[in-house]
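The following explanation is meant for a reader who meets this structure for the first time.

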Amino acid sequence: RFHDDLLTLKQSWLEKLCGLLEPLQIVFRCNARVDTLTAEKCRMLKKAGCIDVGLGVESVYQPCLDFIHKGQTVEQCENAIDLLKEAGIQSRVFLIVGLPGDVGDISGRTIALLDRTKPDGIDLNTFVPLPGSAIFEQPEKFGLKFRPNFSLANLAMLRGLDEADDDFVIEYKDGPTNDELKYHRRKLLEYIEERRLNVDD
């Protein structure tokens, strides 16, 4: 597994890497930004032995992606999943519940996109601002504050259904409440577990 979010950024470098990997006849997984994938890059990855690509989708709500300066579109997310399917590579999407700017029917619109694109795997994370980030250092600029139970000692982003009712560490001034965020997280976790999309085959 290549833990490099920008593995597919540079075409010439990826060509060289895939050329070196192909004779080894190994299988591997990697990550990619959705706005860097093309049909040609997917074909190269497949030929080199790639079986699975993780995509940092984060949110399927464009105003949220814009607000957090993700630099990608929902359409590019959908297109990346389609390109991987066409190349015969599994897609695993990474999602985050509780991001600033992600308001309204979070679980409903996310499930609609997942039903439409049918990725092969989903990792659902809970939003936790990390030390050093702009949101952690100046939460008020993003319309949020840390809840009283916040502690760096027990941070956990990846949660299963048995932890679906755990409180979020943040609270929004004009956004979803803690209970609303927990509701959407539970709905998404149920969707993922019912379809075994959390299983890493």
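Directly after helix H5 comes Lys118, a residue with a positive phi near 50°. The model is a predicted one, in which local features need pLDDT of at least 70, side-chain atom pairs count only at pLDDT 80 or more, and totals for chains, interfaces and linings use all residues. Residues are numbered from 1 along each chain as its sequence is written, and side-chain values use heavy atoms, with hydrogens and water left out.

Helices (H or I, at least four residues) and strands (E, at least two) are DSSP runs, numbered from the N terminus. The 12 residues of H5 should span 16 Å at 1.5 Å a residue, and the end C-alpha atoms of H5 are 17 Å apart, which agrees. The expected span is 1.5 Å times one less than the number of residues in the helix.

Which residues of H5 are buried? They are Ile106, Ser107, Thr110, Ile111, Leu113, Leu114 and Thr117. These residues lie on the same side of H5, because they cover an arc of only 160° around the axis; the arc is that of the directions from the helix axis to the C-beta atoms. Buried means under 20% relative accessible area, exposed over 50%, and partly exposed in between (1.4 Å probe, protein chains only). The cover over the buried residues of H5 includes H4, strand E3 (90-97), E4 and helix H7 (178-194), where contact means heavy atoms within 4.5 Å.

Lys118 belongs to the loop between helix H5 (106-117) and strand E4 (121-126). Lys118 is exposed, at a relative accessible area of 54%.

His69, not a glycine, also has a positive phi, of about 60°. His69 is placed in the loop between helix H3 (62-67) and helix H4 (74-87), and is exposed with a relative accessible area of 71%.
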